[in-house]
Amino acid sequence: MSKRAAVFAALQVNAVVAMSLVGFGAQVKRVEDWQIHDRNRPRPPVITPATSSTQEKAGQPPSDAVVLFDGKDLSKWVSVKGGPAKWKVAKDYFEVVAKAGAIRTKQSFGDCQLHVEWMTPDPPHGDDQDRGNSGIFPMGLYEIQVLDSYNNDTYPDGQASAIYGQYPPLVNACRPPGRWQTYDIIFHGLRFDKDGNLLRKVHITVFQNGVLTQDNVELTGPTAHKMRPPYKATPVKLPLELQDHNHPVRYRNIWLRELN
Ligand code: MG
């Protein structure tokens, strides 16, 4: 069986069974491998934690984060159309430029903790999906919707904090347009064994403005327009992408911590 065929065959296998057959993270010691309160256990790295943002000022990323936008320039980003990212940078944020195309990070990332702050236009324009629409795509494949969902109804699996086309958020925790909002996202990507069998599907957790909106949901596959395509074998890491949906949505204070 080809590697590609094996991937799709594996998708038919109950994931729980598959995971129990081949545990991932095989080199990682289990809790049972340590005595309780074992002082020989390695100490976690010491870092300086993030500081909170206010509406007026972005906070500081944690000391071990990869900073993807620090308020100055888009040097960590490129246009998906090729060449530099042509979105507008102003003050301490950047803004989607309609028709300029999506932007993606130069660096590739897989499993991660991702912090993003965003703001939809005030006064708002349009309604439904045509109001403050953008999106955050870990690995360029899976959209966490950005939308002005404050007093703006749309289909639930397309509102802010939705895993687009799959999971509505648990609650609508939106602030009004013109206010900074935060996403804190935990992303776990696909895992395959050495033969190309799928061991783990994509899982995403989202906090919006400090409120849990996606609780470790298991994705059916990548995001697409009006369809739910199956997974394809992908590299472990791919660039993070932000969507151009023709609306001047703003972003600031974007950072990421890679998870091993
Ligand atoms: Mg979108």
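Mentor: Let us begin with Leu170, which is found in the loop between strand 8 (144–146) and strand 9 (181–188). Strands are DSSP runs of E with at least two residues, numbered from the N terminus. This is a predicted model, in which local features need pLDDT of at least 70 and side-chain atom pairs count only at pLDDT 80 or more, while totals for chains, interfaces and linings use all residues. Residues are numbered from 1 along each chain as its sequence is written, and side-chain values use heavy atoms, with hydrogens and water left out.

Trainee: Why is Leu170 called exposed?
Mentor: Exposed means over 50% relative accessible area, buried under 20%, and partly exposed in between (1.4 Å probe, protein chains only). Leu170 has a relative accessible area of 55%, and is therefore exposed.

Trainee: What makes Lys226 exposed?
Mentor: Its relative accessible area is 78%, so Lys226 is exposed. Lys226 also has a positive phi, of about 55 degrees, although it is not a glycine. Its place is in the loop between strand 13 (211–218) and strand 14 (238–242).

Trainee: How do you know that Asp111 is buried?
Mentor: The relative accessible area of Asp111 is 6%, and therefore Asp111 is buried. Asp111 is in the loop between strand 5 (103–109) and strand 6.

Trainee: What makes the pair of Asp111 and Arg191 a polar contact?
Mentor: A polar contact is a pair of N or O atoms within 3.5 Å; within protein, one must be able to donate a hydrogen and the other to accept it, and residues adjacent in sequence count only if both atoms are side-chain atoms. The side chains of Asp111 and Arg191 make such a contact at 2.9 Å.

Trainee: Which residues are donors to the magnesium ion, and through which atoms?
Mentor: Donors are N, O and S atoms within 2.8 Å of the metal (3.2 Å for Na, K and Ca); water is not among the atoms, so sites may look incomplete. The magnesium ion is coordinated at 2.2 to 2.4 Å by Asn133 (OD1), Ser134 (O), Glu143 (OE), Gln145 (OE1) and Gln243 (OE1).

Conventions: Helices (H or I, at least four residues) and strands (E, at least two) are DSSP runs, numbered from the N terminus.
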